[in-house]
Amino acid sequence: MNIRNLRLVRYKKFVGIDLSLNRTGIVILQVPETDICSRNAKVTTRIIDSKKLRGFERWTVINNTISDIVNDCEFAAIEHYAMHGKGRAGLPLAEIGGIVRNTMFTALGRDFVMVSPTVVKSFIGEGNADKQDMINRVKTWFGFDTEDDNLADAFVLAKIAQYSNASGKFTLDAENCPLAKFQVQMVYAIPEFMKKIGF
């Protein structure tokens, strides 16, 4: 084999994060930089099991793990807060959510988006999909096989990140893009959502 004929394939890394106090799902997609719309991504999954942790220890474990993962990624997407009232129970998630978003901004600048839970669900079906629906639909749409609803959500978020680029525009090739029209429209609508929530 002639070594001079070998070509080094460079990959871009896209990350989806389904943040949770107890079980955060993370999906990392690596796609060839020459084929940004590729369906054939290398998929890596990670669960941060923090159910037995409390307070600062929980924050530190979640934040440090996410920091290490997003540090060298091209673009990331994190699920935004569910706005139906959880009262005081929602405060701890809001606290770690703020810490993680600050870490993402420090690492990525503007190269990440926050995606509403409704869009995450609607991206592969209906906005009121339950956990099992998400698991089933992510396999139907993208061939991603998991029994964990956190990873199902994170995979959808990673796919949204994949079709995003650093300038806030979306790399959607009409001839090559494997998304349906309604999915493309959702991806294009995310910058407006970011403005609406103050980013």
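**Reading faces, rings and charges**

Guide: Let's begin with helix α1: on its other side, F56 and D68 are exposed. "Exposed" is over 50% relative accessible area, "buried" under 20%, and "partly exposed" in between (1.4 Å probe, protein chains only). Helices (H or I, at least four residues) and strands (E, at least two) are DSSP runs, numbered from the N terminus.

Visitor: What kind of model is this, and how are residues numbered?

Guide: It is a predicted model, in which local features need pLDDT of at least 70 and side-chain atom pairs count only at pLDDT 80 or more, while totals for chains, interfaces and linings use all residues. Residues are numbered from 1 along each chain as its sequence is written, and side-chain values use heavy atoms, leaving out hydrogens and water.

Visitor: Back to α1, then. Which of its residues are buried?

Guide: The buried ones in α1 are R58, I62, N63, T65, I66, I69 and V70. Look down the axis of α1 and these buried residues fall within an arc of 160 degrees, so they line one face of the helix. The arc is taken from the directions between the helix axis and the C-beta atoms.

Visitor: What covers the buried residues of α1?

Guide: The cover includes β1, β2, β3 (42–49) and α2 (91–108), where contact means heavy atoms within 4.5 Å.

Visitor: How do I read a pair of aromatic rings?

Guide: Two values describe such a pair: the distance of the centres and the angle of the planes. Rings of Phe, Tyr and Trp (its six-membered ring) pair if their centres lie within 6.5 Å; planes under 30 degrees apart are stacked, over 60 edge-to-face, and the rest tilted. By this rule, the count is four aromatic pairs.

Visitor: Why is the pair of W141 and F182 called edge-to-face?

Guide: Its ring centres are 5.8 Å apart and its planes stand at 70 degrees, so it is edge-to-face. This pair links distant parts of the chain, with W141 in helix α4 (residues 131–142) and F182 in helix α6 (residues 181–196), 41 residues apart. W141 is partly exposed at 28% relative accessibility, and F182 is partly exposed at 32%.

Visitor: And what about F142 and F155?

Guide: Their centres also lie 5.8 Å apart, but the planes are at 50 degrees, so this pair is tilted. F142 belongs to α4 and F155 to helix α5 (residues 149–162), so the pair ties together parts 13 residues apart in sequence. F142 is buried at 13% relative accessible area, and F155 is buried at 4%. Ring pairs also join F142, F144 and F155 into a cluster.

Visitor: How many salt bridges does a search of the whole structure find?

Guide: The search finds four, a salt bridge being a side-chain nitrogen of Lys or Arg within 4 Å of a carboxyl oxygen of Asp or Glu. In one of them, K12 meets E74, with the closest N and O atoms 3.7 Å apart. K12 sits in strand β1 (residues 11–18) and E74 in the loop between α1 (55–70) and β4 (75–79), 62 residues apart.

Visitor: Where does R23 find its partner, D148?

Guide: R23 is in strand β2 (residues 23–32), while D148 is in the loop between α4 and α5, 125 residues apart. Their side chains form a salt bridge at 2.7 Å, N to O. R23 is partly exposed at 34%, whereas D148 is buried at 11%.

Visitor: What distance separates K139 and D145 in their salt bridge?

Guide: The N to O distance is 3.6 Å. K139 is partly exposed at 45% relative accessibility, and D145 counts as exposed at 52%.
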